Amino acid sequence: MSPMVWLVAMPSRQSSLYGLAAHGLWLLGLVLLMDASARPANHSSTRERAANKEENEILPPDHLNGVKLEMDGHLNKDFHQEVFLGKDMDGFDEDSEPRRSRRKLMVIFSKVDVNTDRRISAKEMQHWIMEKTAEHFQEAVKENKLHFGAVDPDGDGYVSWDEYKVKFLASKGHNEREIADAIRNHEELKVDEETQEVLENLKGRWYQADNPPADLLLTEEEFLSFLHPEHSRGMLKFMVKEIVRDLDQDGDKQLSLPEFISLPVGTVENQQGQDIDDNWVKDRRKEFEELIDSNHDGIVTMEELENYMDPMNEYNALNEAKQMIAIADENQNHHLEPEEILKYSEFFTGSKLMDYARNVHEEF
């Protein structure tokens, strides 16, 4: 018997006896689904990240899981998948076996559906989003422990700015011993202009992560704030200021719609490039008007942007839940049902399961 037999709709003309049987199959299906999913997760991406260069380990990442904007102000295109799948994102890559992916998706559905009524409400989705966001944070804490050890060679529990600078420049190809000696002797470092600019930006971020009293020594917790500002209130404010600084064209320290939707630097050379630019404007306009500009006055303040980017903001999580449900809510009942989540699987997982959704009754 298929583990997802509970998806089969029972025609209304059947007797209540068949209704009881269907309910029993629903419960049996859940048990079988849980059993079918109890296989080791695909951690290939985690292993690849661990094998990356040291530069990638000690540099603050441009992309932050579960945060709506990238560090450069671009929209996070994977946001909905990140807050729906959590740390299981690798399980839905293109190489995954389709039938197993469908089962995994239905296992997730059953977990979100807390009251087991075979549909997901906005409140249930909100709770799930908060849970998956917390998962990303715990993953960041775990990775930070490894990264902190890489830049704290003496193991004293503190990393000085000079220690970090040595490791950073070594990751850029400089001789670690020579750089350490030069810093110790207060000699001028011979680095190119681009590297010097990166160092200056990193130093500003280092100061922000250094809790009072400032000593330029970061603990493991402070180093986490340095790498992942999204989970520190003070660093989130700093991150917002950086984004506003980059997008603010008139220097008023807030963003208008034209400033937010301004196209990135570059020339549109062909129709494909024009289509990309058109999509850029469309997506950012929608985000600005519907989600970021909370009082709808046409201006986004730093406070509004901070609230929008805060991954642990419960109000935002509820809005996201409603938006995610609306994308797939074909019967307009304000809930998400199994057939709908399968049909719109690409939105939730990045993988297309359209054929399966169309033939779901025939297959099961």
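In this predicted model, H296 sits in the loop that runs between α13 (271–292) and β4 (299–300). The phi angle of H296 is near 55°, a positive value in a residue other than glycine. With a relative accessibility of 58%, which is over the 50% cut-off, H296 counts as exposed. A second residue with a backbone of this kind is R118, whose phi is near 65°, again a positive value in a residue other than glycine. R118 belongs to the loop between α5 (98–112) and α6 (122–151), and its relative accessibility of 35% places R118 among the partly exposed residues. These backbone values deserve mention because most residues other than glycine have a negative phi, and most peptide bonds are trans.

P212 and P213 are joined by a cis peptide bond, with omega at about -5°, and P213 lies in the loop between α9 and β2 (217–218).

**Overall make-up**

The protein has 364 residues, of which 44% are buried, and its secondary structure comes to 19 helices and four strands. When contacts between residues at least 6 apart in sequence are taken together, 62% of them join residues at least 24 apart.

**Two helix pairs**

How do the axes of α9 and α10 cross? Helix α9 (residues 193–209) and α10 have axes that come within 9 Å and cross at roughly 135°, an angle that makes α9 oblique to α10. The crossing of α9 past α10 is right-handed. On the α9 side the contact is made by L202, R205, W206 and A209, while α10 contributes E222, F223, S225, F226 and L227.

Helix α11 (residues 233–247) packs against helix α14 (residues 302–309) at an angle of about 120°, and their axes are 10 Å apart. Angles of 65 to 115 degrees would count as roughly perpendicular and those over 145 as roughly antiparallel, and α11 and α14 are therefore oblique to each other. Their crossing is right-handed. R233, L236, K237, M239, V240, K241, I243 and V244 of α11 make the contact with M302, L305, E306 and M309 of α14, and the residues involved divide into eight nonpolar, no polar and four charged.

| Helix pair | Angle | Axis separation |
|---|---|---|
| α9 and α10 | roughly 135° | within 9 Å |
| α11 and α14 | about 120° | 10 Å |

**Aromatic rings**

A pair of aromatic rings is described by the distance of the centres and the angle of the planes. Across the whole structure, a search finds 12 aromatic pairs. The rings of Y164 and F226 have centres 5.3 Å apart and planes at 80°, so this pair is edge-to-face. The pair links distant parts of the chain, since Y164 is in helix α7 (residues 161–171) and F226 is in helix α10 (residues 220–227), 62 residues apart. Are the two partners buried or exposed? Y164 has 0% relative accessibility and counts as buried, and F226, likewise at 0% relative accessibility, also counts as buried. Ring pairs link F148, W161, Y164, W206, F223 and F226 into a cluster.

P61 lies in the loop between α3 (54–58) and α4 (79–85) and, at 27% relative accessibility, counts as partly exposed. Leaving aside residues up to four places away in sequence, P61 touches M71, L227 and H228. One of these, M71, is 10 residues from P61 in sequence and 8.1 Å away in space, C-alpha to C-alpha.

Although E339 and M106 are 233 residues apart along the chain, their C-alpha atoms are separated by 10.0 Å.

How values were computed. Residues numbered from 1 in each chain as written. Predicted model: local features only at pLDDT ≥ 70, side-chain atom pairs only at ≥ 80, totals over all residues. Heavy atoms only, no water. Axes fitted to C-alpha atoms, helices over the stretch in contact; angles between N-to-C directions. Parallel < 35°, antiparallel > 145°, perpendicular 65-115°, else oblique. Left-handed = near helix turned anticlockwise from the far one by under 90°. Contact = heavy atoms within 4.5 Å. Nonpolar A, V, L, I, M, F, W, Y, C, P; charged D, E, K, R; others polar. Buried < 20%, exposed > 50% of the residue type's maximum accessible area, 1.4 Å probe, protein only. Phe/Tyr/Trp six-rings, centres within 6.5 Å; stacked < 30°, edge-to-face > 60°.
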